[in-house]
Amino acid sequence: TDYMKAYAEQIRPAVPYSYRVLGTDGFGRSDYRRKLRFHFEVDRHFIAVSALKALADENKIPSTTVAEALARYRIDPKKPNPVKS
């Protein structure tokens, strides 16, 4: 899928629960895949934080768990939105 949101969004109507999609939206950038995945916030660390945030939003885990993951993975929550940069 090359991490395109449009692909994963297709099943949204069939998912009865909270459903979050991460993706690159098909921006044509040339760089190493690792850097692109970080830039578009779709690497393993962003995926883990997104899942934890969804669980915290549903009060299934404490929000401090999300903060701990952000610190552990050195993710800056003020990082510019990749869609706008």
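A salt bridge joins Glu41 and Lys79, with the closest N and O atoms 3.3 Å apart. The term denotes a side-chain nitrogen of Lys or Arg within 4 Å of a carboxyl oxygen of Asp or Glu. This pair links distant parts of the chain, 38 residues apart. Glu41 lies in the loop between α2 and α3, whereas Lys79 belongs to the segment after α4 (63–72). The model is predicted: local features need pLDDT of at least 70, side-chain atom pairs count only at pLDDT 80 or more, and totals for chains, interfaces and linings use all residues. Residues are numbered from 1 along each chain as its sequence is written, and side-chain values use heavy atoms, with hydrogens and water left out.

Lys79 counts as buried because its relative accessible area is 19%. The cut-offs are under 20% for buried and over 50% for exposed, with partly exposed in between (1.4 Å probe, protein chains only). Glu41, at 23% relative accessibility, is therefore partly exposed. A polar atom of the Lys79 side chain also lies 3.0 Å from the backbone oxygen of His39. Neighbours within four places in sequence aside, Lys79 is in contact (heavy atoms within 4.5 Å) with Phe38, His39, Glu41 and Phe46.

The protein chain has four helices and zero strands. Its elements run α-α-α-α from the N terminus on. Helices (H or I, at least four residues) and strands (E, at least two) are DSSP runs, numbered from the N terminus. Of the 85 residues, 24% count as buried. The accessible surface comes to about 6,600 Å², and 53% of this area belongs to carbon and sulfur atoms. Areas come from the Shrake-Rupley method with a 1.4 Å probe; for residues, only the protein chains shown count as cover. Among contacts between residues at least 6 apart in sequence, 41% join residues at least 24 apart.

Helix α3 (residues 44–57) has 14 residues. Phe46, Val49, Ser50, Ala54 and Ala56 are buried in α3. They cover an arc of only 160° around the axis, which puts them on the same side of α3. The arc is taken from the directions from the helix axis to the C-beta atoms. The buried residues of α3 pack against α2 (33–39) and α4.

Five salt bridges are found in the whole structure. Lys53 is partly exposed, with a relative accessible area of 38%. Asp57 is partly exposed too, at 39%. Arg20, Lys53 and Asp57 are linked in a network of salt bridges. Arg12 forms a salt bridge with Glu9, the closest N and O atoms being 2.7 Å apart. Arg12 has a relative accessible area of 35% and is partly exposed. Glu9 is partly exposed at 31%.

Most residues other than glycine have a negative phi. Glu41, not a glycine, has a positive phi of about 60°. Asn59 also takes a positive value, near 55°. Asn59 sits in the loop between α3 and α4. With a relative accessible area of 70%, Asn59 is exposed.

Conventions
A polar contact is a pair of N or O atoms within 3.5 Å; within protein, one must be able to donate a hydrogen and the other to accept it, and residues adjacent in sequence count only if both atoms are side-chain atoms. The expected span of a helix is 1.5 Å times one less than its number of residues.
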